[in-house]
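I opened this notebook to record what I looked up in the structure. The entries follow the order in which I took up each topic.

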Amino acid sequence: MGTITAAFTPKLGEATTLRDKAGVPFVVRAYDPRFRDELQRFYEEFEPKRAAQGLPPSHPERIRDWLDDVLGKGINLIALRHDELAGHALVMPTSRDGIGEYAIFLREDLRGRGVGSEFGRVVVAAARANDLRGLWLTVEPGKRAAIRTYEKAGFRFIPQTVLSVEAEMEIDFTDVEGKDE
Ligand SMILES: CC(C)(COP(=O)(O)OP(=O)(O)OC[C@H]1O[C@@H](n2cnc3c(N)ncnc32)[C@H](O)[C@@H]1OP(=O)(O)O)[C@@H](O)C(=O)NCCC(=O)NCCS
């Protein structure tokens, strides 16, 4: 059963071309180290800082340390628009065997165009293809756009958490009924 303890390449081929709601293409591909500097710049320019669970960090040094940590494990996918890095999605190992924690960050000018929804579906497919048992995340209940993209990728709220400051959502790939829309 899949345990994500080391970095690996998602079984997605080299790159996948998707389209936003206006039909403009963007490319999703596995991160590789040649994008390291561009990813650092992406997060230095990212707004708002600390948007989700304190991420991304505010200061360049903290961003560097955080990237050193996350890029060495789990699944890291990037989105490219016109060959510029414009998004990063992560599935990080958790203390639960085979369960990954999902997070996604898009450049501000790309938001609200359907990119997060399409990108999210690819991340979920990559997690499934890498034999994970499921995905999990926390989200502030007021983050409607984020929640909507999570729901469209197949996440569902864990009922006992919906009134919390940080609600929890999950996808169980072992659920034979299936939860995808
Ligand atoms: C959260 C994020 C990934 C969403 O991606 P996105 O590309 O902006 O989202 P999309 O355009 O694909 O979809 C947004 C959906 O939410 C809906 N939505 C937007 N604002 C909404 C609101 N206030 N209430 C309800 N739904 C809302 C949209 O209508 C759309 O749903 P639809 O396609 O069914 O119409 C992106 O906005 C982002 O990176 N934000 C900053 C970082 C962050 O908060 N990351 C998440 C935590 S890790």
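This is a predicted model: local features need pLDDT of at least 70, side-chain atom pairs count only at pLDDT 80 or more; totals for chains, interfaces and linings use all residues.

Entry 1: Residue numbers start from 1 along each chain as its sequence is written.

I then looked up how many residues surround the ligand. There are 19, and the closest are A52, G116, S117, R144 and R148. The elements that give two or more residues to this shell are β5 (99-106), α3 (115-129) and α4 (144-152).

I sorted the shell by class and recorded nine nonpolar, five polar and five charged residues. Ala, Val, Leu, Ile, Met, Phe, Trp, Tyr, Cys and Pro count as nonpolar, Asp, Glu, Lys and Arg as charged, and the others, Gly among them, as polar.

**Entry 2: the loop between α1 and α2.** I looked up the peptide bonds next. The bond from E47 to P48 is cis, with omega near -5 degrees, and P48 is placed in the loop between α1 (36-45) and α2 (60-70). The bond from L55 to P56 is also cis, with omega near -5 degrees, and P56 lies in the loop between α1 and α2.

R50 is placed in the loop between α1 and α2. I noted its positive phi of about 55 degrees, although R50 is not a glycine. R50 counts as exposed because it has 11 C-beta neighbours inside 10 Å; the cut-offs are 12 or fewer for exposed, 20 or more for buried, and partly exposed in between, with C-beta atoms placed from the backbone.

**Entry 3: D131.** I found a positive phi of about 65 degrees at D131, which is not a glycine. D131 lies in the loop between α3 and β6 (134-139). With 13 other C-beta atoms within 10 Å, D131 is partly exposed.

**Entry 4: T16.** I located T16 in strand β1 (residues 16-19). T16 is partly exposed, with 19 other C-beta atoms within 10 Å. Leaving out residues up to four places away in sequence, T16 touches V28 and V122; contact requires C-beta atoms, placed from the backbone, within 7 Å. T16 and F26 are ten residues apart in sequence and 8.4 Å apart in space, C-alpha to C-alpha.

Notes. A residue is near a molecule or strand if its C-beta atom, placed from the backbone, lies within 6 Å of it. Helices (H or I, at least four residues) and strands (E, at least two) are DSSP runs, numbered from the N terminus. Two residues are in contact if their C-beta atoms, placed from the backbone, lie within 7 Å.
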